[in-house]
Amino acid sequence: VLGLSPQNQYATAALPDALVRAGVAAARAGERGQARVWLAEATDLAPKHETAWLWRAGVADTPEEGIEYLQFV
């Protein structure tokens with residue numbers, strides 16, 4: 001949708017949630033690298049998205065990185 005209409009407000013608003021859902025699905029499937037990519041993009045787009053930060057902390061490379069992400073929650 002954003003490719004066809006980059007200014008579409010509904011698609012722009014829904015994108016962070018869609019990225020979180022994709023990241024959670026990837027994390028549950030054991031695809032931590034892909035989960036990190038989608039969750040990072042979600043938090044870039046919606047810096048106050050607590051669920052994204054929680055899951056991002058869960059797939060972090062190091063415990064220190066995970067703690068850093070939890071501080072955003």
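I began with the aromatic rings: ring pairs link Trp53, Tyr69 and Phe72 into a cluster, where rings of Phe, Tyr and Trp (its six-membered ring) pair if their centres lie within 6.5 Å, with planes under 30 degrees apart counting as stacked, over 60 as edge-to-face and the rest as tilted. I note that the model is predicted, that local features need pLDDT of at least 70 and side-chain atom pairs 80 or more, while totals for chains, interfaces and linings use all residues. Residues are numbered from 1 along each chain as its sequence is written, and side-chain values use heavy atoms, with hydrogens and water left out.

My search of the whole structure gave two aromatic pairs. Trp53 and Tyr69 form a tilted pair, 5.7 Å centre to centre with 45° between the planes. Trp53 lies in helix H3 and Tyr69 in helix H4 (residues 63-70), so this pair ties together parts 16 residues apart in sequence; helices here are DSSP runs (H or I, at least four residues), numbered from the N terminus. The rings of Trp53 and Phe72 have centres 4.1 Å apart and planes at 15°, so that pair is stacked.

I then looked up burial (buried is under 20% relative accessible area, exposed over 50%, partly exposed in between, with a 1.4 Å probe and protein chains only). Trp53 is buried at 6%, whereas Phe72 is partly exposed at 47%.

Next I checked Arg56, whose charged end sits over the ring of Tyr69, 4.3 Å from its centre (CZ of Arg or NZ of Lys must be within 6 Å of the ring centre and within 35 degrees of the ring normal).

Terms used: Helices (H or I, at least four residues) and strands (E, at least two) are DSSP runs, numbered from the N terminus.
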